[in-house]
Amino acid sequence: MVSPARDETPQWQRRLKGKLNENPARFLDHDLVEHGSAHTDHTLQRLVTARIRGIGTIEVVNAWIAVERKIDYGPREGVISLLEERKAFLEEHGEFEPPNRPPEQLREWASERAETARRRNNDCEEDVEKPLSASEKIHRLRSDGGDSQ
C-alpha cells in the first residue's frame with residue numbers, strides 16, 4: 001500500500017527526486033513573496049536562497065528553473081534571477097559535486113577548496129596596496145598633508 005503523502009507528490013517530482021536526490025519543489029512550491037512581517041516565512045526564504053547558492057552543477061540549476069516554471073507559484077522573477085545568477089557563477093568558476101563524506105572530511109575538503117581559491121586570487125592580483133584602516137588614513141593625512149592614498 002502506498003502512503004498518503006506519496007500519493008500527494010506528483011510523479012514528475014518523484015522522478016526528479018530520484019534523478020537529483022532532491023525535489024526542488026519541496027523548497028519552491030511555497031509562497032515566498034513578502035506579505036508583511038506577520039505573513040511571510042523569512043526562514044523559508046533564507047533556506048531557499050542558501051540552497052540555491054549551494055547548488056554545484058548546472059544540471060541541478062536547470063532542473064530548479066524548470067520546477068520554478070512548472071509550479072503554481074512560479075515563475076517568480078526573483079527566484080529565476082537568483083537561479084540564473086548561480087548558473088552564471090558555475091559557468092564562470094566551474095561546477096563541483098560536494099563529496100559524500102563524513103563532516104570532518106567535508107571541512108577539510110572545503111578548506112582545501114578555499115585555499116585553492118585564495119591562491120588563484122593571489123596569482124591574478126597585481127601589486128595592489130592593502131586597503132588602509134580609518135586610523136591609518138587619518139594618520140597618513142596628518143603626516144603628509146593627504147598627498148598619498
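A nonpolar core is taken here as a set of buried Ala, Val, Leu, Ile, Met, Phe, Trp, Tyr and Cys residues joined through side-chain atoms within 4.5 Å. Buried means under 20% relative accessible area, exposed over 50%, and partly exposed in between, with a 1.4 Å probe and protein chains only. This is a predicted model, in which local features need pLDDT of at least 70 and side-chain atom pairs count only at pLDDT 80 or more, while totals for chains, interfaces and linings use all residues. Residues are numbered from 1 along each chain as its sequence is written, and side-chain values use heavy atoms, with hydrogens and water left out.

The pLDDT, the predictor's confidence in each residue on a scale from 0 to 100, averages 76 over the chain, and 72% of the residues score at least 70. Among the elements of the chain, the mean is lowest in helix α1 (residues 4-8), at 57, and highest in α6, at 93. Helices here are DSSP runs (H or I, at least four residues), as are strands (E, at least two), and both are numbered from the N terminus. Where pLDDT is low, the predicted coordinates should not be read in detail.

The largest nonpolar core of the model holds 23 residues, and L28, W64 and L83 have the most contacts inside it. Two or more residues come from each of α2 (11-20), α3 (25-28), α4 (42-53), α5 (58-70) and α6 (77-93). The biggest share is that of α5, which gives seven residues. Contact means heavy atoms within 4.5 Å. With residues up to four places away in sequence not counted, L28 touches V48, W64, V67, E68, I71, R76 and V79.

Helix α2 shows how one of these elements is arranged. Its buried residues are Q13, L16 and L20. These cover an arc of only 60° around the axis, so they sit on the same side of α2; the arc is that of the directions from the helix axis to the C-beta atoms. On the other side of α2, R15 and G18 are exposed. The buried residues of the helix pack against α3 and α5. N21 lies in the loop between α2 and α3 and counts as exposed because its relative accessibility is 66%.

Three salt bridges are found in the structure, each defined as a side-chain nitrogen of Lys or Arg within 4 Å of a carboxyl oxygen of Asp or Glu. In one of them, E59 pairs with K19, with the closest N and O atoms 3.6 Å apart. This pair links distant parts of the chain, as E59 is in helix α5 and K19 in helix α2, 40 residues apart. E59 counts as partly exposed because its relative accessibility is 47%, whereas K19, at 62%, counts as exposed. Another salt bridge joins E22 to R51, with the closest N and O atoms 2.8 Å apart. Here too the pair links distant parts of the chain: E22 is in the loop between α2 and α3, R51 is in helix α4, and 29 residues separate them. E22 has 13% relative accessibility and so counts as buried, while R51, at 24%, counts as partly exposed. The side chains of E68 and R76 also meet in a salt bridge, at 2.8 Å from N to O, and both residues are buried.

Leaving aside its neighbours within four places in sequence, R86 is in contact with I52, R53, G54, I55, V61 and F96.

Finally, H30 is placed in the loop between α3 and α4. H30 counts as partly exposed because its relative accessibility is 33%. Beyond residues up to four places away in sequence, H30 touches L44, Y73 and R76. H30 and G74 are 44 residues apart in sequence and 9.5 Å apart in space, C-alpha to C-alpha.
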